[in-house]
Amino acid sequence: MPKLTCITTTFNDGPALMTSVRAVLAQGFGDFEFLIVDDGSRDDTASVLAGLDDPRIRVIRQANDGLSGARNKALEQVRGDYVCFLDADDCRPGWAFAAIAETIDHDAPDVILCRGVLSELRGELLPFYDAARFDRIAELCPEGSITPAHAQAARIRPLAQLIEPQSANKVVRTAFLRASGIGFPNTHFFEDIFFHTNILATARRVSFVHTPCFTYFRRYGRPQITATAGDTRFDIIAVTRMTLQTFALRPEFHDPLYRGAVLASCLRIVEWCGNTITHHHRFHFHQLVRAMLRMIDPLWLHVPEPVRAELGEAGAVLARHVEEPRRAG
């Protein structure tokens with residue numbers, strides 16, 4: 001029974017899959033298993049997988065079911081005490097699993113959130129998009145771990161929610177994940193915000209690793225969801241509604257700051273999708289967003305000004321979206 005399971009899904013990635021494979025197999029910490037889900041690839045991905053020869057690798061093959069379905073399939077077969085994720089064309093530095101294992105041994109958390117690095121289109125290495133929020137969490141929580149009893153928990157948990165909902169930045173205790181029943185929303189893209197919100201709201205102990213533990217690559221010519229502008233972007237509307245409906249059932253929903261952070265983290269992705277979707281889809285996209293916001297619990301749209309101020313940039317996102325649905329309602 002390994003300490004850690006890493007899940008990578010692949011669909012027509014071919015040789016690009018070796019970016020993540022090499023990074024995982026080169027980890028200095030070796031007590032892990034590596035699950036690779038081939039989600040119905042039709043290119044040379046199968047031959048790339050056939051060439052892998054390491055006892056820690058298990059390949060799972062299935063008919064094409066999408067990223068969420070592939071991850072959920074792997075979650076059913078996890079043997080490790082903790083599970084993490086890595087996209088096929090991203091990587092981890094060689095110290096990542098060791099840093100994660102040290103945090104597991106020290107804190108035994110339900111969830112770990114890790115800093116990351118962004119590799120831009122021309123190869124520049126930059127802090128990941130959420131570096132400022134990790135900086136603020138480090139100020140409020142120098143010990144690196146919180147429970148509900150922590151003196152700053154009411155401020156740190158909303159900040160954790162506003163960290164990028166990137167799958168590679170989190171490690172989750174397997175027993176906690178199975179007991180909670182949390183997974184990814186099948187058949188939907190932009191699935192990470194649903195998973196991110198639910199595990200953070202449910203976790204009792206959350207730890208933070210400030211050593212960068214993954215690198216996200218923005219690439220030319222790769223079929224990344226974030227690089228497309230088609231109707232796939234409509235999925236964020238459905239995923240946002242599912243996320244808000246689920247969170248509204250929790251007691252944390254009645255904490256204005258936490259509630260505002262959840263709404264802001266969803267609307268930030270919604271806003272980005274609306275600004276980058278193709279022009280002939282844009283009108284209908286914004287119409288559907290307005291309709292979705294009119295259907296949710298009205299308390300979501302009650303965001304006091306002090307909460308917006310506390311949320312900073314995320315509060316500005318709320319200000320751009322909450323007034324119109326309130327007037328229309």
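Trainee: Which residues line the largest cavity?

Mentor: On a 1 Å grid over the protein atoms alone, a cavity is a set of points where a 1.4 Å probe fits but cannot get out, and lining residues have an atom within 4 Å of a point. In this predicted model, the largest cavity is lined by I146, R157, A160, L200, V206, F208 and Y258. Two elements, α6 (153–162) and β10 (206–209), each give two or more residues to that lining. Helices (H or I, at least four residues) and strands (E, at least two) are DSSP runs, numbered from the N terminus.

Trainee: How many residues of this lining are nonpolar, polar and charged?

Mentor: Ala, Val, Leu, Ile, Met, Phe, Trp, Tyr, Cys and Pro count as nonpolar, Asp, Glu, Lys and Arg as charged, and the others, Gly among them, as polar. Here six are nonpolar, none is polar and one is charged.

Trainee: Which residues line the second largest cavity?

Mentor: Its lining consists of I7, T8, T9, L67, R71, F85, L86 and D87. Strand β1 (4–10) and helix α3 (66–75) supply at least two residues each, with the largest share, three residues, coming from β1. Four lining residues are nonpolar, two polar and two charged.

Trainee: Which conventions apply to the model?

Mentor: Residues are numbered from 1 along each chain as its sequence is written. Local features need pLDDT of at least 70, side-chain atom pairs count only at pLDDT 80 or more, and totals for chains, interfaces and linings use all residues, while side-chain values use heavy atoms, leaving out hydrogens and water.

Technical notes
On a 1 Å grid over the protein atoms alone, a cavity is a set of points where a 1.4 Å probe fits but cannot get out, and a pocket is an open set with protein on both sides within 12 Å along at least five of seven lines; lining residues have an atom within 4 Å of a point.
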